[in-house]
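Here is a short report on one protein chain. Please keep the sequence and the 3D view open while reading.

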Amino acid sequence: MIVAMAALPTSPFNLFLLSCFTSFALLCFTTTPTIIKPRRYVTKLIHHDSVHSPYYNPMATVSERARRAIDSSSARLAYLRAKAQGISLATTGVGEFLANISIGEPPIPRLLSMDTGSQLTWIQCQPCTKCFKQDVPIFNPSKSSTYMSVSNCTSPTCLASPGQGGVVGLGSNEISLVTRLGSKFSYCFGRIRDPQYIHNQLVLGDGAEIEGPSTPLEILDGLYYLTLEGINVDQENLDISPDVFKRSPYNNFGGVIIDSGSSLTSLARDAFNSLNNEVQRLTNGLLEGVKSSDRPGPCYKGVINRDLIGFLVVTFHFVNGVDLVLDIESMFHEIATNQFCMVVVPSDLGDNMSIIGVFTQQNYNVAYDLGRKTLSVQRIDCELLEN
């Protein structure tokens, strides 16, 4: 295996150095003995289905986009479960949001999948023998003045095969871009269903906005766990035992992970059943149900912003009084013309793992403080964070 490493540029605006190795395609990740850290680095995030995304397909139907979200969320759940068990797998596909990051010196812009479940930051580099197709030229590290070589990389992180695209890893270990730039980062996801929306953003460095109430963040196996205490609908608590959301200390099964790579939110089966039953009770006689062979949750005929006006608020309660309040666009998504389904699905892997996906995090600034091991949430229009 050939491994190479590039040093970080000294400019605070050119974020990182690259490490590359040949296996299927060359990978690049960040590490360096010295670095001038920008206090605050802000970059736009582009949703996979945005008109500004290189993966945008103007011919794709609502059903096709919904199918991608469903399939990628299912694959993501399996990936996170394996990771929690200490099994190294390839990252799953392209991811939900792309971050605009410049690499090397002179800086070369790249769109990388933002991934809170990955430690490694990498891109495809020359030379590679089994390159996957990409629209931009493959990065040539020999043309970067900050490139240098290292002799070996045998850690599981290095040896894990990549998925498609490139990744900016927002995990917590020593090679993560987050820890290279400090101990904090934040992101804000706005209107995911709007392909024209441009105000999603990622902030790296200790100047990241840490606003709003905070809940403890447990970091295990490179994943971010939260303590979910319960769910209510219109201020009425659902009959869910808190034990449903707890992680087993014996085999790492279960627990609640907050994640940037899954569109949908997956709940342990008992919790999902309680929420599903309540939603169906509230919509009975008001909406016409639609049977879907591959969707266990409730689906309906209609238009979300027209037929769900006044629908009761669903709230996820986390320890320390931190709430994620789900409005109708955070609770339902279109699956076809004049059809929509709940974005919450059951976690059917048999281990009770729950995933808080990006639909549920809409319209919040979500801030991670790895030093204090806390996660803060502030409900806000992402556009207001721009300066």
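## Overall make-up

This is a predicted model. The protein has 387 residues, and 55% of them count as buried. Its secondary structure comes to 6 helices and 26 strands.

Take the contacts between residues at least 6 apart in sequence: 72% of them join residues at least 24 apart. The accessible surface of the protein is about 16,300 Å². Carbon and sulfur atoms hold 52% of that surface.

## Nonpolar cores

The largest nonpolar core contains 70 residues. Within this core, the residues with the most contacts are Tyr187, Leu275, Phe316, Phe332 and Tyr368.

Which residues does Tyr187 touch, leaving out those up to four places away in sequence? Its partners include Leu45, Met114 and Thr116. Gln201, Leu202 and Ile258 are also among them. A second core is separate and has 9 residues, including Leu80, Ala84, Leu223 and Ile355.

## Aromatic pairs

The count of aromatic pairs is 9. One of them joins Phe185 and Tyr368. Their ring centres are 4.3 Å apart and their planes meet at 10 degrees. Planes under 30 degrees apart count as stacked, so this pair is stacked. The pair links distant parts of the chain: Phe185 sits in strand β9 (residues 184-189) and Tyr368 in strand β25 (residues 364-369), 183 residues apart. Phe185 and Tyr368 are both buried.

Tyr187 also pairs with Tyr368, but this pair is tilted. The centres are 5.7 Å apart, with 45 degrees between the planes. Tyr187 lies in β9 and Tyr368 in β25, so this pair ties together parts 181 residues apart in sequence. Tyr187 is buried, as is Tyr368. Ring pairs also build a cluster from Phe97, Phe185, Tyr187, Phe189, Tyr224 and Tyr368.

## A three-stranded sheet

Three strands form an open sheet in the order β18-β22-β21, with antiparallel pairing. Which strands lie at the edges? They are β18 (299-301) and β21 (332-336), and each pairs on one side only. On average, neighbouring strands of this sheet are turned by 35 degrees against each other, direction ignored.

In general, strands of a sheet pair through backbone hydrogen bonds. Here, 4 bridges join β21 to β22 (residues 339-342), and the two run antiparallel. Glu334 stands opposite Phe340 in β22.

## An exposed glycine

Where is Gly86 found? Gly86 is in the loop between α1 (62-84) and β5 (97-103). Is this residue buried or exposed? Gly86 has a relative accessible area of 57%. The cut-off for exposed is over 50%, so Gly86 is exposed.

Gly222 is 136 residues away from Gly86 along the chain. The C-alpha atoms of Gly86 and Gly222 are separated by 9.8 Å.

Definitions and conventions: Residues are numbered from 1 along each chain as its sequence is written. This is a predicted model: local features need pLDDT of at least 70, side-chain atom pairs count only at pLDDT 80 or more; totals for chains, interfaces and linings use all residues. Side-chain values use heavy atoms; hydrogens and water are left out. A nonpolar core is a set of buried Ala, Val, Leu, Ile, Met, Phe, Trp, Tyr and Cys residues joined through side-chain atoms within 4.5 Å. Buried means under 20% relative accessible area, exposed over 50%, partly exposed in between (1.4 Å probe, protein chains only). Contact means heavy atoms within 4.5 Å. Two strands pair if DSSP finds at least two bridges between them. Axes are lines fitted to C-alpha atoms, for helices over the stretch in contact, and angles run from 0 to 180 degrees between N-to-C directions. Accessible areas come from the Shrake-Rupley method with a 1.4 Å probe; for residues, only the protein chains shown count as cover. Rings of Phe, Tyr and Trp (its six-membered ring) pair if their centres lie within 6.5 Å; planes under 30 degrees apart count as stacked, over 60 as edge-to-face and the rest as tilted.
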